[in-house]
Amino acid sequence: MGFTCGIVGLPNVGKSTLFNALTSSSASAENYPFCTVEPNLGVVPVPDNRIHRLAEIAQMKKTVPSTMSFVDIAGLVEGASRGEGLGNRFLSHIREADAIAHVVRCFEDPNVAHVSGAVSPVTDIETINTELILADLDTASRAEAHVRKVARAGSKEDKALHGVLEAIQNTLDQNQPIRSMSLDSREEELVRDYRFLTEKPVMYVANVDESSVDSGTFADEVRDYADRERSEFVVVCSKLEAEIAQLDTDEERKEFLAEVGLEEPGLSRVIQTGYRLLGLHHFFTVGPEEVRAWTIPIGATAHTAAGKIHTDFQRGFIRAEVVPYDTFVQHGGDQGCRNVGVMRSEGKDYPISEGDVVHFLFNV
């Protein structure tokens with residue numbers, strides 16, 4: 001499993017075009033507000049060429065990459081938190097997402113209507129952010145009022161929860177997102193079930209035209225905003241991504257990318273940014289029937305990683321046999337690593353490193 005990214009933005013900023021390109025899907029992308037009436041879900045493999053090299057060494061045909069899910073909802077407008085447009089009907093679909101991709105229009109096109117009449121990236125960002133803040137404020141206010149009554153004669157945990165909700169409410173009242181707060185792990189756990197939208201990490205996706213893939217004033221405005229907020233930023237061109245998605249072979253895609261001066265498609269940049277945003281990385285398992293990539297948080301232990309594969313692996317964990325990817329390739333696979341003594345035995349507290357090839361021993 002990978003992670004889920006909810007795509008938000010104003011109508012006609014290129015959300016559905018980008019979603020179609022990233023997922024090779026066919027979500028509606030017409031030139032009018034709210035053409036996306038139901039949320040679209042797409043699951044895509046995470047690009048990682050290492051998995052193919054491992055399969056080549058292990059002489060296996062089957063590879064199973066990690067995945068990333070995208071949820072594309074209807075365009076939000078001013079007043080969405082009060083039910084304007086399609087409003088709250090769709091905000092619930094991104095509450096379960098791990099992160100938010102906020103698509104911002106950074107191109108002029110007289111043939112594509114802008115909901116407010118003019119392209120203004122920072123204004124657009126603030127419109128969406130305000131609506132998400134207002135939606136969270138409604139949730140926090142109702143929760144605080146309920147918990148306040150319980151906390152008067154409740155447990156220490158009830159009182160702690162009330163304190164966190166009060167602090168969140170005050171932050172939102174100042175038109176600031178919850179992610180701007182310095183909540184500790186205990187406080188985050190207390191409010192986890194509320195699925196606050198503005199607590200989620202954000203990547204701002206500047207959707208540019210073909211002439212601004214490398215730079216552009218509008219995109220620079222988005223970059224500056226993201227830097228001030230300490231959020232992630234990535235530039236894509238939905239039109240180019242849509243053309244890339246229609247090509248049949250890897251060779252054709254490489255040639256097209258070279259022609260437009262890009263080293264990799266937008267999907268790769270979005271996923272890499274998402275992994276960085278959430279502090280994720282890969283480890284691999286090899287055999288006996290497949291080579292597989294797994295996504296885990298950076299710093300996760302071998303015991304936690306075992307549970308990603310199967311609960312039995314975690315419950316009956318004995319040890320993990322580990323070799324770094326480069327070492328595995330250098331010595332020609334599992335047996336070669338054993339022959340030269342570079343296969344390590346690690347316990348359940350070992351923090352899995354990026355690219356580790358791991359074999360778990362367990363007994364249940």
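In which loop is N175 found? Select N175 and you will see that it is found in the loop between α5 (156-173) and α6 (185-191), where helices (H or I, at least four residues) and strands (E, at least two) are DSSP runs, numbered from the N terminus. Before going on, note that this is a predicted model, in which local features need pLDDT of at least 70 and side-chain atom pairs count only at pLDDT 80 or more, while totals for chains, interfaces and linings use all residues. Residues are numbered from 1 along each chain as its sequence is written, and side-chain values use heavy atoms, with hydrogens and water left out.

Most residues other than glycine have a negative phi, and most peptide bonds are trans. N175, although not a glycine, has a positive phi of about 60 degrees, and with 41% relative accessibility it counts as partly exposed. Here buried means under 20% relative accessible area, exposed means over 50%, and partly exposed lies in between (1.4 Å probe, protein chains only).

Next select N12, in the loop between β1 (3-8) and α1, which is not a glycine either and has a positive phi of about 65 degrees. N12 counts as buried, at 14% relative accessibility.

**Helix α11**

Select residues 302-309, which form helix α11, and colour A302, A305 and A306, which are buried. Seen down the axis of α11, the buried residues fall within an arc of 105 degrees (taken from the directions from the helix axis to the C-beta atoms), so they line one face of the helix. Among the elements covering these buried residues are β8, β9 (291-297) and α12 (311-315).

**The largest pocket**

Finally, select P47, D48, P265, L267 and S268, which lie nearest the centre of the largest pocket, among its 33 lining residues. On a 1 Å grid over the protein atoms alone, a pocket is an open set of points where a 1.4 Å probe fits, with protein on both sides within 12 Å along at least five of seven lines, and lining residues have an atom within 4 Å of a point. Now show α10 (266-278), from which the largest share of the lining, five residues, comes.

Notes. Contact means heavy atoms within 4.5 Å.
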